[in-house]
Amino acid sequence: MSITEFEVMEELKILEYPVKSVTRLTNKNKTPLMAVQLTNHHKSQEIFKLNKLLNCIVKTEPRRKSKDPPQCTNCQRFGHLHMSCKLQP
């Protein structure tokens with residue numbers, strides 16, 4: 001069963017996060033991934049402490065500010081991160 005963007009948004013609102021939008025993203029390794037945009041509010045930074053939502057374990061990360069492509073710390077190639085790397089170090 002897949003959790004919808006609407007369900008995530010509603011749950012975040014219940015938790016009093018100032019949600020502006022929730023967008024499902026696609027990635028190469030099929031890991032469920034959503035981008036959450038919050039309004040500028042004192043509660044916004046607290047989302048990085050969130051580790052569970054809708055009975056799921058979640059990982060929150062700030063948006064990358066750099067325009068450089070990501071570089072893998074495993075194989076040192078650009079375009080992916082070590083979490084999805086299957087190449088030899």
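I began with the order of elements, which from the N terminus on runs α-β-β-β-β. That makes 1 helix and 4 strands in the chain. The elements are DSSP runs numbered from the N terminus, a helix being H or I over at least four residues and a strand being E over at least two.

I noted the ground rules next. This is a predicted model, where local features need pLDDT of at least 70 and side-chain atom pairs count only at pLDDT 80 or more, while totals for chains, interfaces and linings use all residues. Residues are numbered from 1 along each chain as its sequence is written, and side-chain values use heavy atoms, with hydrogens and water left out.

**Entry: overall size and burial**

I looked up the extent of the chain. Its C-alpha atoms fill a box of roughly 45 × 30 × 20 Å along the principal axes. Of the 89 residues, 19% count as buried. Buried means under 20% relative accessible area, exposed means over 50%, and partly exposed is in between, with a 1.4 Å probe and protein chains only.

I also checked contacts, meaning heavy atoms within 4.5 Å. Among those between residues at least 6 apart in sequence, 27% join residues at least 24 apart.

**Entry: the helix**

Which residues of α1 are buried? I found V8, M9 and L12. They sit on the same side of α1, because they cover an arc of only 100° around the axis. The arc is taken from the directions that run from the helix axis to the C-beta atoms. What do the buried residues of α1 pack against? Their partners are β1, β2 and β3 (52–53).

I then turned to the face away from the buried side, where F6 and I14 are exposed. After α1 comes E16, with a positive phi near 70°.

**Entry: the largest pocket**

I recorded a space of about 2,100 Å³ for the largest pocket. The search uses a 1 Å grid over the protein atoms alone; a pocket is an open set of points where a 1.4 Å probe fits, with protein on both sides within 12 Å along at least five of seven lines, and lining residues have an atom within 4 Å of a point. Grid points are joined across faces, edges and corners, and the volume is the space filled by probe spheres set on the points.

I listed the lining next: 49 residues, with L25, L33, M34, K59 and E61 nearest the centre of the pocket. The elements giving two or more residues to this lining are α1 (5–14), β1 (19–25), β2 (33–38) and β4 (56–57). Which element gives the most? It is β2, with 6 residues.

I sorted the lining by residue type and got 25 nonpolar, 16 polar and 8 charged. Here Ala, Val, Leu, Ile, Met, Phe, Trp, Tyr, Cys and Pro count as nonpolar, Asp, Glu, Lys and Arg as charged, and the others, Gly among them, as polar.

**Entry: cysteines**

How many disulfides does the whole structure hold? I found 0, taking a disulfide as a pair of cysteine sulfur atoms within 2.5 Å. For C72, the closest cysteine sulfur is in C85, 3.7 Å away and too far for a bond. C72 is buried, at a relative accessible area of 0%, whereas C56 is partly exposed at 30%.

I looked at K43, in the loop between β2 and β3. Is K43 buried or exposed? K43 counts as buried, because its relative accessibility is 18%. Leaving out residues up to four places away in sequence, K43 touches L15, E16, Y17 and P18.

L54 lies in the loop between β3 and β4. Its phi is positive, near 50°, and the residue is not glycine. L54 is partly exposed at 29%.

Q71 belongs to the segment after β4 and is partly exposed at 37%. Its contacts, again leaving out residues up to four places away, are Q76, R77, F78, H80 and L81. Q71 and T39 are 32 residues apart in sequence and 29 Å apart in space, C-alpha to C-alpha.

Q76 is also in the segment after β4. Its phi is positive, near 70°, and Q76 is partly exposed at 45%.

I finished with K86, in the segment after β4. K86 counts as exposed because its relative accessible area is 77%. From K86 to N74 the separation is 12 residues in sequence and 8.9 Å in space, C-alpha to C-alpha.
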